[in-house]
Amino acid sequence: MISLFHQKTALTIFFIGLAIQSFSQQKTKTFIYDEEEAVPRTHSLDITNIFIDVAFEPKIGLVKGKVTHTFLAIQEGIDSIFFDAPGITIKEAMLDGKALKFTTDSEGVSVFTNAALALDKTYNITFVYEATPRLGLYFIGWNDKANLSRKQIWTQGQAYDNRYWVPLFDKQNDKATTEVKVKFDAAYKVLSNGTKIEEKDLKDGTKSWHYRMTKPHSAYLIMLGIGKYDIKTVKSKGGVAIDLWHYPEYPERVQPTYIYSAEMMDWFEQELMVKYPWGKYAQIPVQDFTYGAMENTSATLFGDFYLVDEGGYLDKAYLYVNAHELTHQWFGDLITERTEKHHWLHENFATYYGNLFTGSVRGMDYYEWSRKTSIDQALEASKKDLLPIAHSKAGTVRHYPKGAVMLDMLRYVAGDVEFRRTMKYFLEKHAYQNVDSDDLLLAFHEKTGLSLDWFWEQWIYRGGEPKYEVNFRETNDSKGNRASEFVITQVHETNELIKLFKMPIIFEVHYKDGTVASRKETIEEYRQVVTIANESKKEIDFVLFDPNMKVMKSVTFYKPLEMLIAQAQRATNMLDRYDALVALRSYPLAQKQDALIAIYNKEKFFATKGEIIAQLSNTSEEKNLELIRLALKDADVDVRKAAITNTKKIDERLLADFEKLLTDKSYAIVELVLDMLCVQNPAKANEYLEQTKNIVGIRGSNVRIKWLEIQAQRDRATYAPQLANYAGISYEFFTRVGAMNALKKINYVDDVVVQHIFDCALNANIKLSTDGIACIKYFSGQLAYKKMIDAYYQSQTWLPWQKKLLAKAGL
């Protein structure tokens, strides 16, 4: 007998046991948790407008400003408000014109109202302030005593750096209209977001510029660009005015830099089926910009290393970057991530459409090649970690190239029409709002009826990529029926984070009579067999698993030599031909040489031609040398570069061909060839140096730096000090980085070099700072130079932030 108490206890244990057993039988899903940025920042206000009124004292790096935030209280009982303002000195704080109590700390300013704010009532908070920012707003060239540098002021707000020069709610999950008013020297021009509603001369030799945005955007997209510029305005067929800012002394750079800008605007409006949402559009180059470009609303700012002439266009064109940033005017500015977890909604799209537009004007093989290189990067990134695309720490590869390929696959899975209709619906439904990953998933379902949860789960919310092992054979059954059989095995490691993948994949059998048999199957099991009937018993030429590489993956698929050559010769898609050429690397030259030469003479794309060049270079046979000779004269600059970079030693029979390249339009080629010729044919070095002495180059003065590096190895006393000057503050950061690297190669340090590399190490440009720190560490490894560096360090007074940076160099 059990007492009542014991009966209840027993029943309770019984039901708990049932619950545990039931729970243990439930299916679960595991994803990597995004600890830091999964949740939007809480805010008690809805800021509806931000009015910024600023002036500058650039020689001392001072911002003098006044900002007014118009807002509604959206939580009850609010009597204190915090604004991001690290390092900013607040002079006054006012609520609707009346003084407010405020306190500041290292992160910002808190204001205290006399009474709780009324819900949904409009208020204005105004701050009068001063700032000397090292982030967010940059004073370029104002401390150059030689007066050689450009003098500019520009901003970079992403991720959250505008807070360093203006008090803000500096997170993307609150949008507002903005106005920016600037007072500055009348000899300069000023650009900001939106429409310029006033430009007025003032009596003291300054001007006032006033810009206004009538549609809301996030605070990190507020921008300023100030400098000496000319402006060329073009108009798209759709009527959008595009202001192309450029340096007055380089009018010849406008066309190569901004090529297709008007056509690009029309292409995007047609592709997205959504009009450009911001009225006017402007683009402005600036010196010492750390990144490639920034998609500030209506006003893209980009590094002036992209402001190129015809030769520079061949080496590093702005074309793709231009398209990438224009995409952001829709994906990033019109619709904006709710948190960093959903950053792919910006950069995946900008990379995808940037590549797609580039392919539309340069040829679709360029687009397909971008997919191939992106897949390679994604696979490499997965060797380090398996973070998904939808994660704040996903990293550059997943936010940019991998995500672009993912969108290409999404279009492949959903269908072209369905993809474009959904993008239009998504942009229009969420215009001027914040979005997350599920909003796009829901848009597909609402607009097309497609349920793509499985795609989101494996490609967006999980990391990794499938790895397939493919085997092929011909079969005959008892009745003599012939068929082609593909056996596909998913051989990647599976666990709670990485599962088997599900994707539609095409299989093709190409016959020697030119016909093709094709089948599309969804591959989702560990092992599957796909059979294609060969009723006519045709002779097979080659076979393809996933032609044109539509699915992101790695593949092991052995094919015999004859099949690889046939694929390289006759496959329709460039990527399939390239794939076959890469597989031929392991075969002896004698077995493939004639075929490769024949294929080269038919190929048009630089990557396939470059792969053949790599396999045939550095042999002395005349027919191979003739191919290299053709490559050195190829109209495609990348083919010429492939011929140069794959040459270990210049054959005497090719010397004249290499020497002609000293007058190539490509500055990168001139730099490469000058170095090769002076090393491998020193008897004529003086002639080569004389021929190139007036060529500067364009990205980082590349030819001039190389020229001085070579000369300094021959005459150290004369040329090493000249090279050292290029590491100084008078020059833009790519030139300074190039000069530091050259100084390391010639192992030269003097007092001027020491000062320059310290200045580089302390620069706000992270790339320049990193290289400056590395240069200090490199030379500190040599006792004589270490004494010079230590002496300079001890002779100066350093601020705490400077000491912290220099500690990275071991000081």
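The model I am presenting is a predicted one. Leu-589 belongs to helix α14. Setting aside neighbours within four places in sequence, Leu-589 is in contact with Gln-615, Leu-616, Thr-619 and Asn-624. For one of these, Thr-619, the separation from Leu-589 is 30 residues in sequence, while the C-alpha atoms are 9.9 Å apart in space.

Helix α14 leads us to helix α12. Residues 561-570 make up α12, and 7 of its 10 residues are buried, so the helix may be described as mostly covered. The buried set consists of Leu-561, Met-563, Leu-564, Ile-565, Ala-566, Gln-567 and Ala-568. Against what do these residues pack? The partners are strand β29 (540-545), helix α13 (574-583) and helix α14 (589-602).

Strand β29 in turn belongs to a sheet. The sheet is open and has 3 strands, in the order β27-β26-β29, with antiparallel pairing. Which strands stand at the edges? They are β27 (516-523) and β29; each has a single partner strand, so one side of each is left without a neighbour in the sheet. From one strand to the next, the twist averages 15°. Between strand β26, residues 503-511, and β29 there are 5 bridges in the antiparallel sense. Within this part of the sheet, Val-509 stands opposite Val-543 of β29. Helix α8, residues 396-414, lies across β26 and β27 and runs at about 80° to β26.

Met-549 is not a glycine, yet it has a positive phi of about 55°. Its place is the loop between β29 and β30 (554-557). Met-549 is buried, because its relative accessible area is 15%, under the 20% cut-off.

Is Asp-120 buried or exposed? At 58% relative accessibility, Asp-120 counts as exposed, since the threshold for that class is over 50%.

A further backbone feature concerns a peptide bond. The bond from Gln-158 to Ala-159 is cis, with omega near 5°. Ala-159 is placed in the loop between β10 (152-155) and β11.

Strand β11 itself, residues 175-185, contains Thr-177. Thr-177 has a relative accessible area of 17% and is therefore buried. Its side chain makes two approaches that I would like to point out. The side chain of Thr-177 reaches the backbone oxygen of Thr-48 at 3.0 Å. A polar contact of 2.7 Å also joins the side chain of Thr-177 to that of Asn-49. Beyond its neighbours within four places in sequence, Thr-177 is in contact with Thr-48, Asn-49 and Ile-50, and with Met-213, Thr-214, Lys-215 and Pro-216.

I turn next to strand β21, residues 299-303. Here 5 of the 5 residues are buried, so the strand is largely enclosed by the rest of the structure. Ala-299, Leu-301 and Gly-303 point one way from β21, Thr-300 and Phe-302 point the other way, and all are buried. Strand β19, residues 281-286, runs parallel to β21 and is joined to it by 5 bridges. Strand β20, residues 293-294, is antiparallel to β21, with 2 bridges. Phe-302 of β21 has Pro-285 opposite it and also Ala-293 opposite it. The hairpin of β20 and β21 has 4 residues between the strands, and in it Ser-298 takes a positive phi near 70°.

Finally, the protein as a whole. Its secondary structure comes to 27 helices and 30 strands. Why does the radius of gyration of 31 Å agree with a compact globule? For 811 residues, such a globule would have a value near 28 Å, and the 31 Å of the protein therefore agrees. Along the principal axes, the C-alpha atoms fill a box of roughly 110 × 95 × 65 Å. Of the 811 residues, 56% count as buried. Among contacts with a separation of 6 or more, 68% are accounted for by residues 24 or more positions apart. The accessible surface comes to about 35,900 Å², and 51% of that belongs to carbon and sulfur atoms.

How values were computed. Residues are numbered from 1 along each chain as its sequence is written. Side-chain values use heavy atoms; hydrogens and water are left out. Buried means under 20% relative accessible area, exposed over 50%, partly exposed in between (1.4 Å probe, protein chains only). A polar contact is a pair of N or O atoms within 3.5 Å; within protein, one must be able to donate a hydrogen and the other to accept it, and residues adjacent in sequence count only if both atoms are side-chain atoms. Contact means heavy atoms within 4.5 Å. Two strands pair if DSSP finds at least two bridges between them. Axes are lines fitted to C-alpha atoms, for helices over the stretch in contact, and angles run from 0 to 180 degrees between N-to-C directions. The radius of gyration is taken over C-alpha atoms; the globule rule is 2.2 Å times the number of residues to the power 0.38. Accessible areas come from the Shrake-Rupley method with a 1.4 Å probe; for residues, only the protein chains shown count as cover.
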